[in-house]
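Biologist: I have a model open and would like to learn how to read its features. Could you take me through a few of them?

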Amino acid sequence: NYLSGRFLAPMALFAMGIFVRLPWRPGHQTTAQHWSMAAGFGAPAKKVNSKKGKDKKADASPKSEDEKKCGCNSGEAYGSCCKPYHKFDAIPSTAEALLRARYTALIKKQEDFIFRTYEPGMLTKRIMEVTKTCMDTMFFEELKILKEEAGEDESEVFLTSRMWYRYPGEKGLLTLTEKALYRLCSGFWVFVRTDDVSTETFNRGDVSDKNTDEVLKAQDLSRKTERGRIGDMIAGLNAQTPNKAT
């Protein structure tokens, strides 16, 4: 239905977990390369009439997926940022690196990486289905890391992040802000659980605590009842999660 298709599905990615115990291959992240478009940069504007100039433009090769900027918003190229994690050639050394890699995995449809980086004992068939559905039906536009807080000890970290996403054929962006717990488990960072989640709408890139855009506030108010029902659904999902860490 409308609720589960548009709001419940993305939240469920964070509210419940999956873990498939597979070994990591040790490796080291290479220094990320910065890519830039150099053609014409800094040159005076002028019309190119020569055949040589036209041939040069025609021969320009498009960037490969590895050369494009990583979807995690780090500013680095995907091939030297999150891809080594997705291919298990490197291990995220921080909770933030894991969060970024999991987000990019949604964009790149790297479901195995998402499943393997959940807390042990969180495997559910429902979440596997929801994850795949989100990958196939949603466009993830941007990610911002808002805050990092210490957990009970050095092996735990709380991260607050915000993502913007949309559905095919729609211009408006939806927002999901999440506070989640990450834990160092047997030498690897894993996602444990969501402690807080909000669907309050923010303009893309806005990292404020509260939205101040009156138009967006009006939009949120118009679907206040729906947001309340979604919150109840998420609470129910969390309560039913097997072996949920406390």
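Modeller: Gladly, and let us begin with what a pocket is. On a 1 Å grid over the protein atoms alone, a pocket is an open set of points with protein on both sides within 12 Å along at least five of seven lines, and its lining residues have an atom within 4 Å of a point. Keep in mind that this is a predicted model.

Biologist: Which residues lie nearest the centre of the second largest pocket?

Modeller: The general idea is that rolling a probe the size of a water molecule over the atoms shows where empty space is left. Here, 17 residues line the second largest pocket, and Thr160, Arg162, Thr177, Asp196 and Asp209 are the ones nearest its centre. The space in this pocket comes to about 320 Å³. Two or more lining residues come from each of β1, β2 (156–166), β3 (174–185) and β4.

Biologist: How do the residues of that lining divide into nonpolar, polar and charged?

Modeller: Nine are charged, four are polar and four are nonpolar.

Biologist: How do β1 and β2 run, and how many bridges join them?

Modeller: They are antiparallel, with ten bridges between them. The two strands make a hairpin, and five residues lie between them.

Biologist: Now the rings. How many aromatic pairs are there?

Modeller: A pair of aromatic rings is described by the distance of the centres and the angle of the planes. The count in this model is five aromatic pairs. Take Tyr103 and Phe140: their ring centres are 6.2 Å apart and their planes meet at 80°, so this pair is edge-to-face. It links distant parts of the chain, with Tyr103 in helix α4 (residues 95–108) and Phe140 in strand β1 (residues 139–150), 37 residues apart.

Biologist: Are Tyr103 and Phe140 buried or exposed?

Modeller: Both Tyr103 and Phe140 are buried. Another pair is Tyr118 and Phe191, with centres 5.3 Å apart and planes at 85°, so this one is edge-to-face. Tyr118 sits in the loop between α5 (111–116) and α6 (125–137), while Phe191 belongs to strand β4 (residues 188–198), 73 residues apart.

Biologist: Which charged end sits over the ring of Tyr118?

Modeller: That of Arg102, 4.3 Å from the ring centre. Have a look at Lys108 too: it lies over the face of Tyr78, 4.6 Å from the ring centre.

Notes: Residues numbered from 1 in each chain as written. Predicted model: local features only at pLDDT ≥ 70, side-chain atom pairs only at ≥ 80, totals over all residues. Heavy atoms only, no water. Phe/Tyr/Trp six-rings, centres within 6.5 Å; stacked < 30°, edge-to-face > 60°. Helix = DSSP H or I, 4+ residues; strand = E, 2+ residues; numbered from the N terminus. Buried < 20%, exposed > 50% of the residue type's maximum accessible area, 1.4 Å probe, protein only. Lys NZ or Arg CZ within 6 Å of the ring centre and 35° of its normal. 1 Å grid on protein atoms, 1.4 Å probe; cavity = no way out; pocket = protein on both sides within 12 Å on 5 of 7 lines; lining within 4 Å. Points joined across faces, edges and corners; volume = space filled by probe spheres on them. Nonpolar A, V, L, I, M, F, W, Y, C, P; charged D, E, K, R; others polar. Pairing = 2+ DSSP bridges.
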